[in-house]
Amino acid sequence: MSFPEPLQQLIGDRLDRELNWKSRCHPLVGYLPQRPSTPLFIKREDELNANVVGTKQRKYLSLLPALEHSGNRRIILIGSAHSNNVLGLTQLLRNRNYDVRALVKMPGNKALTGNHLLLSLLLPGDCIHYISHRDWPDVEQIARQEANRWAVRGTPAAVIPEGGYSEAVLPGILTLAADLQHNCTALKLQFRDIWTDSGTGVSAIGLLLGMRLLGMTQPRVHITQIAGDPDAFQQRYRQFESWLVRQLGSPLPSSSPEVRFIKPATAASYGSVNKTILHATGHIARETGLLMDPVYSVKHFYTVKCEMERHMPTGPQLILYNGGTLGLCGFQSQLASLQTIV
Ligand SMILES: *Cc1c(COP(=O)(O)O)cnc(C)c1O
């Protein structure tokens, strides 16, 4: 693995040796408005790992070696029943023979569907601990208490916060900017704009900090905030920035790319999916050949479409597909009932 400096020195020996960190870019046909002056490309973060969402895979690139180094063989995960992070990390940790426990927010829907069903296939019932909505604000504390109980018995446990939000993911999330540079070199073009989506914001922060380290002030970055708001994003950005400065041992280049935050154009609250999103899932599949998860990626692409129809940018555009097809499986019955309408 080799990265341009100063990334190589910072992250070169801190990534898992086997997990993939390169994804391809190819022209995007269909769905988004097509103009000769605005060539559209898609970055296939979904192809990084067939079973793990792309943004999460980049976090695990450095999280897994950090866990290995810590020596803990028991890991406590935190998230909703449909969390892509809990599902992705459970697979990779079980592959490596860790003892995995999940603290899961009690789902509104008792029927086992989507990620919740897949998680229950991966972990026996006594390894999934449901936390009520009332107790959910204290979930990190509950996890630490559980970790302490294990420690007393001689098997210390590591707690992974919701969404994998921790310093250990920093080297991994910086790989996106380096990979983007590879894509630009291979395609022999410079993108004018990048369109990505965010939940915790950690992946987009990795992109921005990686670009800054590599001295890239272009392209401009548009972020569809599927969850959270610009203030919370800025706060997290500053947290990661300070971790990075400490790890680097020197100040960061001051110039960074221009950033713009966008709200979802429909079904704005996190996790909600409406008829517009379900129809868009079908349109994207028919027009582009991509089977996208509704909660993040379809909402992101629909929002980018609305933005481009309002104001068509010029120059090469790169849209990140951060999700994956697995995210569709919780929506089978809703999509099936739509087929008569489409
Ligand atoms: C987690 C996730 C994101 C956002 O990643 P963050 O680092 O939390 O901002 C985007 N798309 C999908 C499908 C995800 O699971």
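This is a predicted model: local features need pLDDT of at least 70, side-chain atom pairs count only at pLDDT 80 or more; totals for chains, interfaces and linings use all residues.
Trainee: In strand 2, which residue is the bridge partner of Pro27?
Mentor: Strand 1 and strand 2 are joined by three bridges in the antiparallel sense. In general, strands of a sheet pair through backbone hydrogen bonds, either parallel or antiparallel. The bridge partner of Pro27 in strand 2 is Phe41.

Trainee: What is the average twist from one strand to the next?
Mentor: The open sheet has six strands in the order 1-2-10-7-8-9, with mixed pairing. Strand 1 (25-27) and strand 9 (259-262) are at the edges with a single partner strand each, so one side of each has no neighbour in the sheet. From one strand to the next, the twist averages 25°.

Trainee: What angle does the direction of helix 8 make with that of strand 8?
Mentor: Strand 7 (residues 193-198) and strand 8 (residues 220-225) run parallel and are joined by six bridges; Asp193 stands opposite Arg220 in strand 8. Helix 8 (residues 202-213) packs on the sheet and touches strand 7, strand 8 and strand 9, contact meaning heavy atoms within 4.5 Å. Axes are lines fitted to C-alpha atoms, for helices over the stretch in contact, and angles between N-to-C directions run from 0 to 180 degrees. The direction of helix 8 makes with that of strand 8 an angle of about 170°.

Trainee: How far apart in sequence are the parts that Phe41 and Phe191 tie together?
Mentor: The whole structure holds seven aromatic pairs, where rings of Phe, Tyr and Trp (its six-membered ring) pair if their centres lie within 6.5 Å, with planes under 30 degrees apart counted as stacked, over 60 as edge-to-face and the rest as tilted. Phe41 and Phe191 form one that is edge-to-face, at 5.6 Å centre to centre and 70° between the planes. Phe41 lies in strand 2 (residues 40-44) and Phe191 in the loop between helix 7 (175-187) and strand 7, so the separation of the parts they tie together is 150 residues.

Trainee: Is Phe191 buried or exposed?
Mentor: Its ring partner is Phe41. Both Phe41 and Phe191 are classed as buried.

Trainee: Which residues do ring pairs link into a cluster?
Mentor: The ring centres of Tyr165 and Phe240 are 5.5 Å apart with planes at 85°, so this pair is edge-to-face. Tyr165 lies in the loop between strand 6 (157-160) and helix 6 (170-173), and Phe240 in helix 9 (residues 230-248), so parts 75 residues apart in sequence are tied together. Ring pairs link into a cluster Tyr165, Phe240 and Trp243.

Trainee: How far from the ring centre of Trp150 is the charged end of Arg74?
Mentor: A charge sits over a ring if NZ of Lys or CZ of Arg is within 6 Å of the ring centre and within 35 degrees of the ring normal. Arg73 lies over the face of Tyr98, at 4.0 Å from the ring centre. For Arg74 over the ring of Trp150, the distance is 3.4 Å.

Trainee: How far from Cys184 is the nearest cysteine sulfur?
Mentor: A disulfide is taken as a pair of cysteine sulfur atoms within 2.5 Å, and by this rule the count is zero. Cys184 is in no disulfide, and the sulfur of Cys25, the nearest, lies at 7.1 Å.

Definitions and conventions
Residues are numbered from 1 along each chain as its sequence is written. Side-chain values use heavy atoms; hydrogens and water are left out. Two strands pair if DSSP finds at least two bridges between them. Helices (H or I, at least four residues) and strands (E, at least two) are DSSP runs, numbered from the N terminus. Buried means under 20% relative accessible area, exposed over 50%, partly exposed in between (1.4 Å probe, protein chains only).
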